[in-house]
Each structure stands twice: as C-alpha cells, then as structure tokens.
Amino acid sequence: MEPHRLVEDAETVLRIPQGEPENGVPGGLPGHSTVTLHVNGAARTVTLDHRTTLLDALREHLGLTGAKKGCDHGQCGACTVLVDGRRANSCLLPAVAQDGARVTTVEGLAENGRLHPLQEAFVDRDALQCGYCTPGQICSAVGMLAEAEEGFPSHATEPAALPAGGPVALGPEEIRERMSGNLCRCGAYPHIVEAIGDVAR
C-alpha cells in the first residue's frame, strides 16, 4: 500500500499519496497549477491555488503592489491592469486562466526610466489625493485611450459623430463615461479628466 501524508486544509484533512508531482505541483497537492504570466515584459512562473485571483498573484506572489485591492468585487477599478492590451479588473480574473497572458501593471508603464505620459499628466495636473486608486486610474486610462484610438464607441458617443473605423474624439464627456468604472473616494475626478485630456490631444 502506498504511503500517505496528511495535509490540513481549513475544515478537512486530505489524504494525498506521496510520489510524482501532479500538474507540475511538488507533492501532488490538488487544486494547484503552475502557470507562466508575462508580467511587464518578463516571464514569471508561479504555482498557484486555483482560487487565486490575478490581483493576489501579482501582489502576494510576485511582489507587484501597484494594483490595489479595493472592493474585491470588480466595482471600484482600483485593481485595473492591462491583460493582452485590454484593461481588466484583476480581482475578478482567476490567475490560472491567464496562463501565457501579457499583463501590464502600473509598474511596467514607464520606459527607460521615463514615466508614461499619463503618469506625468497625473502629476502635472495633481490628479490624485490619497493615491490609492491612482494606479488603477492610470492603467484604465491607458487602455481607454487605446480603445478610443481603435474606434470603440462608448455610451456617450454620438452615432453621427462616430468615424468609420477611425479614432473617437475624447472630450470631457467621453472621458468621464469611459472612466466611470474607476472610483476615486477623494473626488479628484475633475483633474483626472484634465490629465487624460492632456494626453488624448
């Protein structure tokens, strides 16, 4: 009979056979998988519980604490990152489902020691107070500018003004609508809109 070892897990005790790894996990611990995330241009391989969100993988396993845990329900936008170039609430994404994805956090926006234009605009416009929501605001704005450039309309876009396959003009109303998923408890919205408008011109 094969020897077993005991693993305590909150409410249950699991009997797990010792031997070859399962799913690339030493000891064959069930409910875990090894995934590779391409984070800010670098491949990072981690073994994660299947319940781990992308947000927790970034913060707790990879040490990237720029994305913040706000509501943990996808309602505040503090955890916004870019996944394969699109903005996403990382608190809602199972990390193991992102195997092979390209993830950009606020830490990865600067290039060659120079801040991203949106980061500079947020500083110039004083578009923050406590700063807790700022990484998510900036990542969301980066994704939003790309969406507008590709011609994606918003609820505020007038159909008659929508160019065929061209970029959508970003006035204050468009910016407010497109950024409405990112909340700022300090109320820095006017300066956030101004900062994004500076870069959108």
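Biologist: Hey, quick one to start: is R201 buried, exposed or partly exposed?
Modeller: R201 counts as exposed, because its relative accessibility is 77%. The cut-offs are under 20% relative accessible area for buried, over 50% for exposed and partly exposed in between, using a 1.4 Å probe and protein chains only.

Biologist: Before I go on, what kind of model is this?
Modeller: This is a predicted model, where local features need pLDDT of at least 70, side-chain atom pairs count only at pLDDT 80 or more, and totals for chains, interfaces and linings use all residues. Residues are numbered from 1 along each chain as its sequence is written, and side-chain values use heavy atoms, with hydrogens and water left out.

Biologist: OK, back to R201. Which residue does R201 form a salt bridge with?
Modeller: With D198, where the closest N and O atoms are 3.1 Å apart. A salt bridge here is a side-chain nitrogen of Lys or Arg within 4 Å of a carboxyl oxygen of Asp or Glu. D198 counts as partly exposed, because its relative accessibility is 28%.

Biologist: Which residues are linked with D198 and R201 in a network?
Modeller: R125 and E194 join D198 and R201 in a network of salt bridges.

Biologist: And how many salt bridges does the structure hold?
Modeller: It holds 12. One of them is between R102 and D84, with the closest N and O atoms 3.7 Å apart. That pair links distant parts of the chain: R102 is in strand 7 (residues 102-104), while D84, 18 residues apart from it, is in the loop between strand 5 (80-83) and strand 6 (86-89). Strands (E, at least two residues) and helices (H or I, at least four) are DSSP runs, numbered from the N terminus.

Biologist: Why does D84 count as partly exposed?
Modeller: Because its relative accessible area is 41%. R102 is partly exposed too, at 49%.

Biologist: New topic: the inside. Which residues touch the most other members of the largest nonpolar core?
Modeller: L118, F122, M144, I175, I192 and I196, out of 25 residues in that core. A nonpolar core is a set of buried Ala, Val, Leu, Ile, Met, Phe, Trp, Tyr and Cys residues joined through side-chain atoms within 4.5 Å. Helix 2 (117-124), helix 3 (134-149) and helix 5 (189-200) each supply at least two of its residues, and helix 3 gives the largest share, 7 residues.

Biologist: What does L118 touch?
Modeller: Leaving out residues up to four places away in sequence, L118 touches I138, A141, V142, L145, A195, I196 and V199. Contact means heavy atoms within 4.5 Å.

Biologist: Is C133 buried or exposed?
Modeller: C133 counts as buried, at 12% relative accessibility, while C71 is partly exposed at 23%.
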